[in-house]
Amino acid sequence: MKANPFDIENIDIAWCPGCGNYSILKILKDALLELEIKPEKLVIVSGIGQAAKTPHYLKANVFNGLHGRALPAATAIKAVNPSLTVIAESGDGDMYGEGGNHFIHAIRRNPGITNIVHNNMVYGLTKGQASPTSLINFKTPVQVEGVFNEPFNPLSVAIALDASFVARAFAGDYKETKEIIKKALKHKGYALVDIFQPCVTYNKVNTYQWFKENTYYLDETHNVYDRLEAFKKSIETGKYPLGIFYINPNKKTFEENLPPYKNNSIPIIEQEFDKTKLIELVNSKKNS
Amino acid sequence: MSDKLFNTPQKDVSIVLCGEAGQGIQTLEFFLTRIFKISGYHVYATKEYMSRIRGGSNSTQIRVSSDYVRAPVRRIDIFIPLNTEALKHLERNITPNTVIIGDKEIIKSEYKIYNLPLTRIAAAIGGRIYENMIAVGVLSKLFKVNLQNVEDYLKNYFAVKGSDVVEKNIRAVEEGYNEADRLFKGAEINIMKNPEVRNHILLNGAEAVALGAIAGGCNFISAYPMSPSTGVLVFLSQHSKTFNIIAEQAEDEISAINMALGAWYAGGRALVSTSGGGFSLMTEGLSLAGMTETPLVIHLAQRPGPATGLPTRTEQADLNLALHAGHGEFPRVILTPSTIEDAFYLTQKAFNLADKFQIPVFVLTDQYLIDSYYNIPELKLNQLDIEKYVVKTGRDYKRYLITESGVSPRGIPGYGEGLVVVDSDEHDENGHITENLELRVKMVEKRLRKMELIEKEALPPEIHGEEDYKHLLVGWGSTYHCIIEALKHLNRRDVALLFFKQVYPIHKSASSYLEKAEKIIFIENNATCQFGMLIQQFTGFKPENQILSYNGLPFTVEDLVEKIERIIGGVNES
């Protein structure tokens, strides 16, 4: 196996053997390598949870913040320095539960970030409670008679908000998932990649086998620019579609819309402060 | 003309305007403060208002003076009520010397009222909207303001709205001018003007905080609108293009603070501006700043709580919140501007401190300071520098390198060959998660060690008065000018004031002032003497004498004089 510049040697990984996170980590590193992104120009922002530990296991700048709060931090990082590649990565509980409000508003802003969500339909780190995406009747030590709340549908929500890139992948499919992540990383605005991922310890229902049997890939007849069609696909259950559901190539990014970037694209952190303008503004308070 | 106000030279005159929300009290305040200032008067304005868009009773006090004037008084010299309710609202402050000017068609009252037929005159000009300008005209005449100056100001101000608007507003002012002549038979108020004041800057607290932020190199603000902190967000948004500031209205305060931390992490200089409830939502983010040693500036504009409290009123009751917010142990600084100038300079300083020590720095203001206006001679911009402490990283960069001072050189992503890893978990020097408990101890000690340096840079308290004082007043934050004016009224050499512009950490000199006093009197706009308790914790001096107010209003000078005399006795022993 050839060495990947994103590899970190001698690390103690906290994931269970067989966890879907390992394959997502490998896919991500390979995608980054193939896109020739440099570790020092990459920032991975995460929250809390097993998925949120991912950035500790590859070479990158890391902002491992609070549970549910990766998206606001990632949005700001990209805004103050648009030259960075910014990924916000966490699990379903973090992004869709604790961070649900930020998920909605990040989509509305359309920052140029890639949002990778490890969706295993269960809480791993807190030992097996339901997540917002747990399916109906899923039994846990807390949901003792099974989940009865409607599972959160991140794709439908994203498409309803006209997110500029919406995809679903499966951690068990190396090739397809890598291509999706590469496209997401190359996409100009906000890109959601929800990744189905088995939790081998706490989810005995949605296993590798289950995901294999209950998913299929959207084929070339699916028009990714057709929002209504994408929405229809996003509400399919029974067999869940995988692939890129929707792209809106015409949206301006959050950064592009910001007043400091209207006239030029120099990151604000590199812009010089002009004291004479401040003096002018203060003097205007003499007779304003 | 029998009124004393018109027959003797005055040093300062208190005007109070009161009406419903939506009647234009704020517009009146805006024009009057500016017109008085360009005429050479020192001017001060403070407002109290209800949390509603229409109805209720809102008032503004404007003091016009021959010298600096910067504190609220109970006294009303000229009262302009815009409805009958206004008289009831401020009944307790009306004295036989109060000159009341109002439209008798609207106001039904037993008080002697100089009848100003605002409704009738405004209708003739073009509608109720001109009532305010008629009042401006009346006061301009009474205060010997040159009519041409007012007209020039209005021409300039309304120019964008077209000549019809300009003409009608000028006519309204002229009508008011003539009405004043008729009502007061040519009598005027004699206050010395000072031409230098025309060149002064007129600011309110919110503008001063925002300008201070700009001077501190702020290039990012994320906030959720909340009274009384919103003015700062508004000001920075309006100037975002000129100063390359990203101003984002976040979906909630949790997002706001996490955005600000992201911005600092990536090399920005970010501010959050909020008030009590909003800040409560930010406390987990504050703790993240503590753990990741990410700089942060928090403008916390206090209003009375708990919970929603009195949304548009003032209080100093969130000191304990700022002091104790956030789980875990980490250093912080709390600056408490006492004046409009301080609001500017301390906010500027907050950015440098935050960056230097990689800590959260609070600028703790309140509604009173934020919404008050007065003229200040200048802001010394040339002496201010934006101090930046970001380093270029090398290949082996360690974000949390353990150093003697506790401060690790702070890199940012993309600047240098190194990787910048920050983590809300306990971490190793590289920033990666650790559960190595020996390392944990080292990291805790590293973070807290910074406090030694921070304490060395703490602002010392200011002492006002003679050195051989017996009674020592102690205050902090926005009560400053009110206490100073009360001191002047007391005119006693045995009373001094010890004033704190930084309440945490407390400068070590505090004890030496306290131990000299026979009686220490804490003056705070809260119910539990929060700063007194903090002083006790730091110095051992118990806050035995307390002057506290928590009715949602700032102290007035008269309030303080009475309450201080009650504690120290009314006799002037000097």
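Analyst: Happy to! Let's start with the term "domain": the bounds come from an automatic or database domain assignment. Please keep in mind that this is a predicted model. On that assignment, chain B has domain 1 (4-199), domain 2 (203-376) and domain 3 (462-568). The centres of domain 2 of chain B and domain 3 of chain B, taken over C-alpha atoms, are 26 Å apart.

User: What makes residues of domain 2 of chain B and domain 3 of chain B count as a contact?

Analyst: Two residues are in contact if their C-beta atoms, placed from the backbone, lie within 7 Å. Domain 2 of chain B gives 25 residues to the contact, and domain 3 of chain B gives 20 residues. On the domain 2 side, elements with two or more residues there include α13 (340-357) and β13 (360-366) of chain B. That side has 13 nonpolar, 7 polar and 5 charged residues.

User: Why are β2(A) and β15 of chain B called paired strands?

Analyst: Pairing needs at least two bridges found by DSSP. There are 3 bridges between β2(A) and β15 (residues 421-423) of chain B, so the two strands pair, and they run parallel. Within this pairing, Val62(A) lies opposite Val421(B).

User: Which element gives the largest share of the side of chain A that touches chain B?

Analyst: The contact involves 46 residues from chain A and 54 residues from chain B. On the chain A side, α2(A) gives the largest share, with 8 residues. That side divides into 24 nonpolar, 12 polar and 10 charged residues.

Definitions and conventions: Residues are numbered from 1 along each chain as its sequence is written. Chains are lettered from A and ligands numbered from 1 in the order in which they are written. This is a predicted model: local features need pLDDT of at least 70, side-chain atom pairs count only at pLDDT 80 or more; totals for chains, interfaces and linings use all residues. Helices (H or I, at least four residues) and strands (E, at least two) are DSSP runs, numbered from the N terminus. Ala, Val, Leu, Ile, Met, Phe, Trp, Tyr, Cys and Pro count as nonpolar, Asp, Glu, Lys and Arg as charged, and the others, Gly among them, as polar.
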